[in-house]
Amino acid sequence: MNLAEFARAVDAIGVSLDVVAFGGHAEMAWCVEQADDGVWEVYWRERGAKVDLARLETESQACFQLLGRLTYSQLLAGTIRKT
């Protein structure tokens, strides 16, 4: 999975695209970006801090990691139908 595919999946599960920064960072948003050392990072950015930081080797791992977090939060919120 790459960032473009990830963006489509996030939209499909009903997460507002305003709370996800694809390939960069934004305040009060989930971020997935490649760090200077080449490692991919997934985190919540708040007041300039990287909260719940996960560092992963590939873009695909980072996208799937954050997609899992977002899907789980949507399930808890009851916005995804359980089958």
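User: What do buried, exposed and partly exposed stand for here?

Analyst: Buried means under 20% relative accessible area, exposed means over 50%, and partly exposed lies in between, with a 1.4 Å probe and protein chains only. This is a predicted model, in which local features need pLDDT of at least 70 and side-chain atom pairs count only at pLDDT 80 or more, while totals for chains, interfaces and linings use all residues. Residues are numbered from 1 along each chain as its sequence is written, and side-chain values use heavy atoms, with hydrogens and water left out.

User: Why is arginine 45 called buried?

Analyst: Its relative accessibility is 18%, and because the cut-off for buried is under 20%, arginine 45 counts as buried.

User: What makes the contact between glutamate 27 and arginine 45 a salt bridge?

Analyst: A salt bridge needs a side-chain nitrogen of Lys or Arg within 4 Å of a carboxyl oxygen of Asp or Glu, and the N to O distance in this pair is 3.4 Å, so the pair meets the definition.

User: How do you know that glutamate 27 is partly exposed?

Analyst: Glutamate 27 has 40% relative accessibility, so this residue counts as partly exposed.

User: Why is glutamate 41 called buried, and which salt bridges does glutamate 41 form?

Analyst: Glutamate 41 counts as buried because its relative accessibility is 5%. Glutamate 41 forms a salt bridge with lysine 50, the closest N and O atoms being 2.7 Å apart, and another with arginine 55 at 2.6 Å, N to O.

User: Why is arginine 55 called partly exposed?

Analyst: Arginine 55 is at 42% relative accessibility, and therefore counts as partly exposed.
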